[in-house]
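My entries follow in the order in which I checked each point.

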Amino acid sequence: MHARYTWRTLTREITLILVALGFLIPLVGLLNISLKPQSSQSSALAFAFPPTLDNYAAAWSQASLGAALANSFFITTLSVALIIACSALAAYPLARVTRAWSRYTFVFLIGGLLIPGQLALLPLYATMRDAGLLGSLWAVIVINVGQQMPFSVFLYTMFLRELPLDYEEAALLDGCGPLRSFALVVFPLLRPVTGTVVILNAVGIWNEFFTPLLYLGGSGNTTAPVAIYGFVSQYVSQWPLIFAGLVISVLPILVVYLALQKHIIKGFAGGLKG
Amino acid sequence: MALPHATTTPPGVREPTAQEPPGAARKTRHTGGVRAPWWFVVPALAVYLFIVVVPSVNGALFSFTDWNGLRPDWSFVGLDNYAAVFTDRTALDALANTLLLAAMVTVVQNVVGLLLALGVNTLVKSRYALRVIFFAPVVLTPLVAGYVWSFLLSPNGAVNDALRAVGLGALAHDWLGDPDTALYAIAAEIVWQFAGYSMVIYLAGLQAIPREVLEAARIDGAGPWHTFRSVVLPLLNGAVVINVMLCLIGGLKQFDQVMAMTGGGPGTATETISTAIYKNAFTLGDFPLSIALAVVMTVVIATLAAIQYRLTLRKSH
């Protein structure tokens, strides 16, 4: 549309940079406050000299963030791995088999996209409680896997329907069972969509607050957001301390984002075109 | 396992053989070296049934009973729970707040997201860095973003400082403590956090528009505004549908930011359906009311999704 860099482009560029700086204010404020002495009441954008890391040490030990981050990591990794395994496997017959059972199963699974989790919430909570799974990381993992199944199966099935059959047909796997040939031939072909499924689910599950609050809240075995929730209500308005805790809890995801930003943005955009 | 046509046909070409009439090739369950047995769907289906389907059906059934989550015995009470929802002040406020919040977020986030997408889809040199910045809040934990904003919006926070600095001190006040502004403040926070998500989807839509179409519009003498209205916007229809759907569903389920910023207060000014369900069930122990509220929420989401589907269907014809 615009072949050259003109004065209009420059005006546009300056406007956008100003908007971007505005967008960054909350993040800069978050970091800045966390580096101030605990007694400080100065504004979010007044920079503190010298910055102190005391809040970080205090928040780390008082909110037991180390254990919470480890739990978040465990839950995210295992949930995503199980989601990938179940949804990729299920999508294969759903995309390749044209019989009625396959079409109906697909519609039945995708229908889950329209059901808000709140409907299942209380019966599921009662079931988990009766099974003695309150406070167990496994409860959260199984719930994540079940809730993410419709969307992940949808993404895999749509991708597979576009994928030409040639490779699968040419593959002559004598003596390989269907599971092994799926893992060796089909799964590697799904790499682009697997990336999208990993990114969308990992970000969502790492940041998830409601499910771990219900199932892990008060158990001493929490995830990062739940630990932060308890920490904030305990140290009301001690902002420098709280903000150091907030920074620690979001640091892993921000680091991953900055390292893989191109893939992450593409994952979010690509996942929703289907 | 070897297939005759797989070895004789060059890759990329599927020729029906003499033994295999054209229609049959498609009907065949598996035509190649890799089979797709039905039991591949079993793990996914089992966990989906256990976590989503069975408890959802139970939730809908229990909404007509006095089941309180503890006792195994319960009896049918007809529509009593629904009557309770529509006479309960908090539940009604929660319904109204949720709809208003979802509507505000949907409109503003889409406008902001589209403007950002149009901005970074130009030749500006910083476009890649700008995308990374605008998208960054999307990956931030919503609860944490809520806490940061509750600090910025506090009486002595950065927002009020900025207003005073530019001589608008009269506007400065306790944004989250005032029932008249708290819901709008939460809406603003959500837009800040997720505008980058809308931007990315619009950007994908913009980049899919063929250059020739825009060239043709320019040659026909259309100005930038006219080109946008008559050429670009209709071609973005798919991105609009996805964005509106995402905003509506996200807005209607709103929980994290509200818990972080106001906890539903002051009074019931920012109570949403999700926070009301949570409080009713887990602090007040009122399971029947919560379940009925969840059913109402499901109906609201399904209705809005159906309306949106009809509207966009009409638009594209």
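The notes below go from domains to helices, then to the core and the chain contact.

Before anything else I note that this is a predicted model, in which local features need pLDDT of at least 70 and side-chain atom pairs count only at pLDDT 80 or more, whereas totals for chains, interfaces and linings use all residues. Residues are numbered from 1 along each chain as its sequence is written, and chains are lettered from A and ligands numbered from 1 in the order in which they are written.

**Domains.** I found chain A divided into domain 1 (1–52) and domain 2 (53–269), with bounds that come from an automatic or database domain assignment. Their C-alpha centres lie 32 Å apart, and nine residues of domain 1 of chain A are in contact with 11 residues of domain 2 of chain A (contact: C-beta atoms, placed from the backbone, within 7 Å).

**Annotated segments.** I looked up the unreviewed UniProt entry, which annotates "transmembrane region" at residues 72–92, 104–125, 137–160, 181–206 and 239–260 of chain A; such annotations may be inferred rather than shown by experiment. In the model, residues 239–260 of chain A are 95% helix and 0% strand, with end C-alpha atoms 30 Å apart, while residues 104–125 of chain A are 73% helix and 0% strand, with end C-alpha atoms 29 Å apart (helices are DSSP runs of H or I, at least four residues, and strands runs of E, at least two).

**Core.** I then turned to the largest nonpolar core, of 166 residues, in which A:Ile228, A:Leu246, B:Val200 and B:Leu293 touch the most other members (a set of buried Ala, Val, Leu, Ile, Met, Phe, Trp, Tyr and Cys residues joined through C-beta atoms within 7 Å). Its largest share, 16 residues, comes from helix α9 (residues 182–207) of chain B. Leaving aside neighbours within four places in sequence, A:Leu246 is in contact with A:Leu30, A:Ile228, B:Val144, B:Tyr147 and B:Val148.

**Between chains.** I noted that the contact takes 89 residues from chain A and 86 residues from chain B, and that helix α1 (residues 7–34) gives the most to the chain A side, with 13 residues.

Conventions. Two residues are in contact if their C-beta atoms, placed from the backbone, lie within 7 Å. A residue is buried if 20 or more other C-beta atoms lie within 10 Å of its own, exposed if 12 or fewer, and partly exposed in between; C-beta atoms are placed from the backbone.
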